[in-house]
Amino acid sequence: MSLSIRAFTPAEVKAELTRLNTRKAPGYDMISGQILKRLPRKTVVLLTVIFNRMLTLPHFPVLWKYAEIIMIPKPGKPPHEPTSYRPISLLPIISKLFERLLLQRINEEHDPSTLLPSHQFGFRERHSTIHQVHRLVNEIATSLEEKKYCNAVFLDISQAFDRIWHQGLLFKLKHALTSIYYLLLKSYLADRNFAVRHNITLSDHYPIEAGVPQGSVLGPLLFLIFTADIPKAGNTTIASFADNVAVRSVNEDPVSATQHLQTHLNSLAEW
């Protein structure tokens, strides 16, 4: 496997530019998708040079790591409560353009089936919630047909994407990806900042010390790599979709089914 990342071409950058959603809100720099779609060829070539220099350094620009948080009020909630708002993170679109190109390179050089467990269906091509639900329902129906007891626990990790431990993530990235990707993603995660905007008022800037960038392209992959080593057990089966996890235990004896399920839950709690 190469220690360098294959350079981007102007044609690849142009292709990604044409796929930009012009309805997406821009970041703090106010450079919209509509503006980027209209860049002349010379500017696309210069942008390609910048992207390739980021690969060779490897370095992710600080100005592309600044997030502006917009608070969207939840219907029927008291406006004076912070929990009554849903935060939306706006990142520079040009940074997400680079992330899409980098994600293509990662998928070219690293087979997702070797990076991620087979039970994880979130954010993966040709995997959906419907596929995972069918898999789970089929296993439950089979156990009932065999007249066995089927116990299950359904877990949803609270604020999972916002609580990713950066040092732990970098440790796992170093073992999962080649060194050049590790160094670039290390720069990508470092020195990130955010500010909250309410109407025309902007808060002070604060560092982001945990989590994967909300609204980013690489964020879902980083989350999946971080959680890829979730414990499995021989007497239970596990089904995951992003931060939602179902653990199922089947046995002819209800006590044994419960014990196997509890043992797996204990290992998950320790993990």
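Which element gives the largest share of the lining of the second largest pocket? In this predicted model, that element is H10, with three residues.

Three strands form an open sheet in the order E3-E8-E7, and their pairing is antiparallel. Strand E3 (149-156) and strand E7 (236-241) are the edge strands, each pairing on one side only. On average, neighbouring strands are turned by 15° against each other, direction ignored.

E3 and strand E8 (residues 244-251) run antiparallel and are joined by eight bridges. Within this pairing, Leu155 has Val245 of E8 as its bridge partner. Helix H6 (residues 129-145) packs on the sheet and touches E3, E7 and E8; the direction of H6 makes about 160° with that of E7. Helix H10 (residues 254-270) also packs on the sheet, touching E3, E7 and E8, and its direction makes about 20° with that of E3.

## The largest pocket

The largest pocket holds about 1400 Å³ of space. Its lining has 48 residues, and Pro213, Gln214, Gly215, Ser216 and Pro220 lie nearest the centre. H4 gives the most to this lining, with six residues. By class, the lining has 24 nonpolar, twelve polar and twelve charged residues.

## The second largest pocket

About 370 Å³ of space lies in the second largest pocket. It is lined by 17 residues, with Ile157, Phe226, Thr227, Leu268 and Trp271 closest to its centre. H9 and H10 are the elements that give two or more residues to this lining. By class, the lining has twelve nonpolar, two polar and three charged residues.

Key
Residues are numbered from 1 along each chain as its sequence is written. This is a predicted model: local features need pLDDT of at least 70, side-chain atom pairs count only at pLDDT 80 or more; totals for chains, interfaces and linings use all residues. Side-chain values use heavy atoms; hydrogens and water are left out. Two strands pair if DSSP finds at least two bridges between them. Helices (H or I, at least four residues) and strands (E, at least two) are DSSP runs, numbered from the N terminus. Axes are lines fitted to C-alpha atoms, for helices over the stretch in contact, and angles run from 0 to 180 degrees between N-to-C directions. Contact means heavy atoms within 4.5 Å. On a 1 Å grid over the protein atoms alone, a cavity is a set of points where a 1.4 Å probe fits but cannot get out, and a pocket is an open set with protein on both sides within 12 Å along at least five of seven lines; lining residues have an atom within 4 Å of a point. Grid points are joined across faces, edges and corners, and a volume is the space filled by probe spheres set on the points. Ala, Val, Leu, Ile, Met, Phe, Trp, Tyr, Cys and Pro count as nonpolar, Asp, Glu, Lys and Arg as charged, and the others, Gly among them, as polar.
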